[in-house]
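Have the structure open as you read.

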Amino acid sequence: MSNVPADLRYTREHEWARQEGGRVRVGITAYAQEQLGDVVFVELPKVGAKVTAHQAFGVVESVKAVSDLFAPVSGEVVEVNAELGQKPETVNADPYGKGWMLVVAPSDANQWNALLTAAQYEEFVAQGGH
Amino acid sequence: MDTSLKRTPLFSAHVKAGARMVPFGGWEMPVQYRGILEEHRTVRAAVGCFDVSHMGEFEIEGPGALATLQRLTTNDVAALEIGQVQYSLLCRPDGGIVDDLTLYRVAQDRYLMVVNASNIDKDWTHVTTAVAADGARWRNASAATGLIAVQGPKAEALVGRLADQDVTRIGYYRCARGKVAGVPALISRTGYTGEDGFELYVDAGETERLWTALLEGGRPEGVAPIGLGARDTLRLEMRYALYGNDIDETTNPLEAGLGWVVKPAKGDFVGRAAIEAVTRAKGPARKLIGLEMADRSVARHGYPVVKDGAPIGIVTSGTFGPSVERSIAMAYVASAQSAIGSELGVEIRGQARAARVVKTPFHPSRVKKG
């Protein structure tokens, strides 16, 4: 079983979300990066862009595949991990840390509660993850 | 698990090694062991072993073998010395490519044709029916043959230490019979990576013994097993065509840049008239070219190539090139737009991304020439 930190929330599309003083940091899970393989390109929105829960906000490309990135919550992008432009492999090396993708200022605080807990996400992955 | 997929003699060894197995051309094959980028770099810097036992092997023997092969394949088989190998093509009468292959002259009247795994059945029908084999007999040795490619700058040191002969004397696109780690093998100095290396043809039942000996014996060289994922990135950096992606029955050899293995002067062969008609028409209307993307986005098979908003071609293969550290692709584009330096675009997710036609190979070849 992949690493699933207990203090994060998750989507069924394998993004994680972390509460940081009213803002939400977003990345993809250890399971997601394992499934993708070596990440070679990450396409992210610009600071100031609006993202919508359950809708694609960007794209991650591995050598073998391309996958959409889905927003866990709606809101405005207030930070983007620019380092991934030059070092996309960071997503593989440290998916919950330096491989983060966005920080969102959420527009609807209730959406947080609809996200999967770590236990729910682990069960989801154990059942096949899709 | 799809039980209709075929397996090589090394299937269990791959599973035991933790490989990720995927369907490829009707076979269940390892796409990666530890990661495509790491495996790619191992082959460029040290040495890697590939299970390519899924490839097909057809033998033809008899006094009529040469004449049969001359009529079937595009290259000049008469130029082959015993122990020499040539790259060649099978074509349809309309010039479309049935398959690309390597042809070995293993004895005076005996040849070995090595074809793509996904085409074995189609090719077998083609070679045995398109041309009457007068005075020669075909044998399909695909299932009975295992094949391991050992590729990288340290391949010669590894194979040399395990072989019963001096492999430094086997030149590029040459082969010799011998033993490697005690296993009888056809030792061929060929490959699909752009690095020096060997392909070792053995009896299917001996494949695992050789595989284990190479991986254990190659520790001083830093050997690792390499999956199909890195095989694809390695060949793409060399602009080697992959059948089913870059060439198929709708592409002719000239537009694919394979005119160098078409020898009309040798006499008639299946497809010659159609290929010569393309030459007479002042060359093909489209050409397979190399593209370098301005950013790291990956141009994949089937993506449109555009110029000033208008479609002018299509991507056949693309990846992030781990050694060139750029996103690269192969594409058919209108011949008028195919010049080196042409600024084009690739439509990726509805947006034209800047791309430039570049010289190929993308990465310098280090095969052992001469």
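## Domains of chain B

Let's start with how chain B is divided: domain 1 covers 11-55 + 144-237, domain 2 covers 56-140 and domain 3 covers 285-358. Those bounds come from an automatic or database domain assignment. Between domain 2 of chain B and domain 3 of chain B, the C-alpha centres are 34 Å apart.

This is a predicted model, where local features need pLDDT of at least 70 and side-chain atom pairs count only at pLDDT 80 or more, while totals for chains, interfaces and linings use all residues. Residues are numbered from 1 along each chain as its sequence is written, with chains lettered from A and ligands numbered from 1 in the order in which they are written.

## Where the chains touch

Ten residues from chain A and twelve residues from chain B make up the contact (C-beta atoms, placed from the backbone, within 7 Å). On the chain A side, β4 (39-43) and β6 (56-62) each bring at least two residues, and β4(A) gives the largest share, with three residues. Strands here are DSSP runs of E, at least two residues, and helices are runs of H or I, at least four, numbered from the N terminus.

## A helix pair in chain B

Now for α5 (residues 155-162) and α6 (residues 207-217) of chain B: their axes come within 10 Å and cross at roughly 120°. Axes are lines fitted to C-alpha atoms, for helices over the stretch in contact, with angles running from 0 to 180 degrees between N-to-C directions.

From α5(B), the contact uses Leu158(B), Arg161(B) and Leu162(B), and from α6(B) it uses Ala213(B), Leu214(B) and Gly217(B).

Key
Contact = placed C-beta atoms within 7 Å.
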